[in-house]
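Here is a short tour of a two-chain model, written to be read alongside the coordinates. Keep the view open and follow each stop as it comes.

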Amino acid sequence: MQVLIEMKDIIKVFPPNVVAVDNVTTDFRIGEIHAIVGENGAGKSTLMKVLYGLEQHDQGEILLQGRSVHFQDPGEAIARGIGMVHQEILLIPQYTVWENIVLGAEPVNFIGMIDRDRARQLVQKKVDEFQFNLNIDAKIDDISVAAAQKVEILKLLYRNVSVLILDEPTAVLTPQEIPQLFNELRRLRDHGHTILFISHHLEEVLDLSDRITVMRKGEKIATVQANETSKTELAQMMVGRTVLFTSHREKSTPGKLIFSLENLTVIDAAHHKRLENVNINVHEGEIVGIAGVEGNGQFELVNSIMGLIPTKQGNLKVNDVNLTKADILERRRYISFVSQNRGKMGAAVKASILENVMMTHHRLNPHFTIWKGLMLNDQYARKFTGQIEQQFSVIMDRMDNPFRSLSGGNQQKVILGRELLLDAPFVLLDQPTRGLDVGSIEYVHELILKMREQKRAIFLISADLEELFRIADRILVLHRGKIVADLPTDQTDIEEVGYLMLEGKEQ
Amino acid sequence: MQRKLISGIIGIFIALLIGAIIMLLQGYNPLQTYGALFNFSLFGLFPLATTLRNSVPLILTGLSASVAFASGPINLGQPGQLLMGALFATVGGLYLDLPSWLLIPVLLFLSMLGGALWSGVAAMLRKWFNMDEFITTLMLNMIADFFTFWAISYPFFDRSAYSPMTPQINTNGWLPIWGEFNSNVIVMILAFIVIYFVFNRLTAGYEWRITGQNSLFARLGGIKIDKNYVTVMLVTGALAGLAGGLVVMAGPHRFLKGLGANYAWDGVMIAVVANNGLIGTLLYGLFFSAMQTGSLGMELITAVPREFIQVLQAVTVLVIVAGRGYLDIVIDKTIARRKARERTV
């Protein structure tokens with residue numbers, strides 16, 4: 001196969017001194033699906049952004065069909081046939097599919113008005129050519145995320161792009177939607193397109209791609225043929241050591257009831273029922289997981305438990321203490337909480353690590369203050385932060401540095417440390433591994449299982465079904481604000497839960 | 001800290017340079033002008049003492065703005081709070097007859113009470129009617145302006161005066177003057193130490209700071225952010241009120257028309273330049289006071305009008321605020337480029 005793009009000795013340093021891409025040399029060929037895999041922070045997205053002109057490399061050279069190119073912005077890259085689909089969908093919800101696709105490159109008639117008929121025809125032609133199953137007159141608001149992603153791809157095809165870069169395209173899809181996307185990508189490859197595919201789901205990568213480039217800590221480890229490698233080998237290259245994919249956990253022996261939520265109903269300002277008669281029980285030494293497509297009531301569930309929205313109907317008890325009307329501080333005596341968004345809910349990123357560690361402890365643990373709670377006990381807080389650093393193997397420079405100077409995995413370790421050392425009987429985990437790399441995910445899972453051994457009641461909300469199947473003892477499925485199933489993990493499988501998530505009933 | 005100091009000094013230097021160019025374009029001699037400016041503000045006991053005295057209202061209103069902005073509430077009511085504080089201290093000074101050692105603290109307390117009451121109105125408007133303090137504090141400034149004007153024109157009017165002003169307060173309430181130095185500086189430094197300690201060492205200050213950075217995180221952590229909001233409004237109102245009380249007690253010893261001058265807006269500007277840092281507010285407050293103090297002398301011996309200082313102030317604000325981010329970017333990019341070159345095989 002003919003080489004289309006060569007990247008030679010690419011170096012990208014994010015100011016002041018984060019080496020994101022370190023002397024990477026690789027090539028991409030015409031008509032191949034080429035996966036770029038690596039942990040978070042391995043530099044795979046940055047490498048692709050350099051190619052697409054979103055980031056400028058500091059050293060090195062990019063050759064397109066043998067000629068040196070340096071794109072200053074994505075517009076130049078698209079003009080030369082290279083396009084990228086980002087993780088987030090960037091479309092105008094009120095516009096139709098075809099309007100979104102032609103936006104910015106509209107066909108015009110002789111007096112400069114948009115030629116709507118021709119635009120629709122051009123879009124329809126592309127849809128037919130690549131056999132995308134898509135109604136071009138539908139509004140983006142009314143179509144699924146999977147369909148919106150197709151629109152993003154079509155947007156590039158409409159601009160006659162021959163190299164498609166996809167940044168973790170499966171992250172927003174349900175298990176049922178992924179094979180369809182893959183079929184469409186294969187069809188594009190057979191038409192002679194080159195697909196560059198960023199992912200850290202190794203099974204997908206092996207299923208879809210022809211060649212795979214593995215990156216670790218900014219460096220390229222290897223480029224291999226997909227049919228000559230295995231999941232274990234890829235994982236080893238990614239992480240730099242052997243990773244266990246099955247957790248060796250024993251069956252749980254749940255004890256007494258710790259957490260109970262009875263008949264919770266949440267109605268929002270627009271009078272929509274967001275949650276309807278939700279009942280959840282979690283016992284000590286048990287991990288209960290919630291599966292569901294995002295936006296089916298998880299947000300309201302978390303906010304109700306934490307007391308961010310007042311409960312009008314329902315009852316919340318932890319350890320037989322009624323917390324339905326309790327203020328947040330009172331709840332925090334009984335609830336450890338890890339939120340899904342570190343920067344928004346889990347930390348003040350510009351404040352120091354020390355100040356982030358003290359949160360909540362400074363009110364609940366008398367050691368953290370002197371003079372009857374009036375003044376902070378700096379010494380104790382430092383000792384405590386050192387303890388978290390050790391116990392949770394956090395890599396930090398100085399505890400007075402801002403929280404955001406930590407890597408994502410280390411940030412999450414600090415947050416987990418802070419919350420778990422509150423010694424609350426109930427632990428609420430809202431997507432605790434979102435955005436973490438494989439190594440950190442493994443660590444978090446081990447930690448959660450250890451908490452289970454310590455007889456805590458653990459409630460895990462996750463969009464990642466593999467995660468739920470790996471560590472949860474029971475899986476509840478949330479669909480349009482209702483719990484539609486309560487299944488012991490060993491008596492169900494990913495397909496069944498996936499179907500329940502989408503349809504809300506048994507197959 | 002060190003980088004902040006360096007970028008501040010570089011910023012001031014560049015601002016003075018730009019000021020020099022403007023003067024050259026208009027045909028003035030910049031060296032002579034700057035010489036006069038700093039001769040009359042820093043060099044010598046009397047100029048220095050005057051600069052210190054004049055810095056007090058700037059720094060206190062600056063601290064008020066810094067603490068508020070860094071804790072979340074956009075309290076822009078320092079002008080009104082200053083006037084109310086000044087009025088409370090004046091009225092106390094007119095009617096109370098106490099020995100000096102008691103009257104001075106009482107008047108200082110009254111001025112803080114006046115400022116806190118006025119910011120408290122804004123806090124309550126938010127609590128009860130969910131009105132944004134950004135708007136209400138600005139509106140309350142105007143009300144305070146006209147209310148105090150009415151107060152000094154009618155109920156507390158000095159009948160022997162030709163323009164709106166009160167009689168002088170009880171001499172026991174005058175702040176002592178030692179040689180050239182006015183003791184209002186001592187009160188300001190005490191207030192600075194207290195607020196610095198509260199903000200950086202006390203549990204309350206920790207909660208204010210974290211709430212200012214991320215209020216949702218603070219709330220989820222169990223901090224009662226609504227209660228803290230009211231406290232911060234009251235404390236920052238008290239600081240601005242204290243500034244007003246000191247203006248009366250150190251200077252004219254009465255409330256006269258135009259007493260508030262532009263102190264409070266300059267204070268807000270200083271907070272912005274200092275990026276809400278307390279030590280920065282103190283240092284920039286002294287610098288801006290030096291410029292304002294020296295401007296009188298500058299006008300006296302050069303042809304440059306006093307209004308030029310306002311231009312210089314504006315240039316300083318722009319250069320420092322714009323340069324703050326830019327210097328970091330330049331330094332970071334230089335390091336990055338060097339690192340990339342090192343790594344090339």
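## Ground rules

Two residues are in contact if their C-beta atoms, placed from the backbone, lie within 7 Å. This is a predicted model, in which local features need pLDDT of at least 70 and side-chain atom pairs count only at pLDDT 80 or more, while totals for chains, interfaces and linings use all residues. Residues are numbered from 1 along each chain as its sequence is written, and chains are lettered from A and ligands numbered from 1 in the order in which they are written.

## Domains of chain A

Chain A splits into domain 1 (3–239), domain 2 (257–334 + 425–507) and domain 3 (347–423); the bounds come from an automatic or database domain assignment. Taken over C-alpha atoms, the centres of domain 1 and domain 2 of chain A are separated by 34 Å.

## Where the chains meet

Moving to the interface, 34 residues of chain A are in contact with 24 residues of chain B. Which elements of chain A give two or more residues to this side? They are β1 (3–14), β2 (18–29), α10 (328–332), α11 (342–346), α13 (361–364) and β18 (375–376) of chain A. Helices (H or I, at least four residues) and strands (E, at least two) are DSSP runs, numbered from the N terminus. β1(A) gives the most, with 4 residues. By class, the chain A side has 18 nonpolar, 8 polar and 8 charged residues.

## Covered helices in chain B

A residue is buried if 20 or more other C-beta atoms lie within 10 Å of its own, exposed if 12 or fewer, and partly exposed in between, with C-beta atoms placed from the backbone. Helix α11 (residues 263–273) of chain B has 9 of its 11 residues buried, so it is largely enclosed by the rest of the structure. Among the buried residues are Y263(B), D266(B), M269(B) and V273(B). Their cover includes α3, α4 (78–95), α10 (225–250), α12 and α13 (308–343) of chain B. Just after α11(B), N275(B) takes a positive phi of about 55 degrees.

Helix α8 (residues 203–213) of chain B is also mostly covered, with 9 of its 11 residues buried. These include E207(B), W208(B) and R209(B).

Axes are lines fitted to C-alpha atoms, for helices over the stretch in contact, and angles run from 0 to 180 degrees between N-to-C directions. The axes of α4(B) and α11(B) come within 8 Å and cross at roughly 135 degrees. The two helices are therefore oblique to each other; angles under 35 degrees count as roughly parallel, over 145 as roughly antiparallel, 65 to 115 as roughly perpendicular and the rest as oblique. Q78(B), P79(B) and L82(B) of α4(B) make the contact with Y263(B), A264(B), W265(B), G267(B) and V268(B) of α11(B). This contact has 6 nonpolar, 2 polar and no charged residues.

For α3 (residues 45–71) and α12 (residues 278–301) of chain B, the axes come within 7 Å and cross at roughly 135 degrees. That makes α3(B) oblique to α12(B). Their contact residues divide into 9 nonpolar, 11 polar and no charged.

Methods: Nonpolar A, V, L, I, M, F, W, Y, C, P; charged D, E, K, R; others polar.
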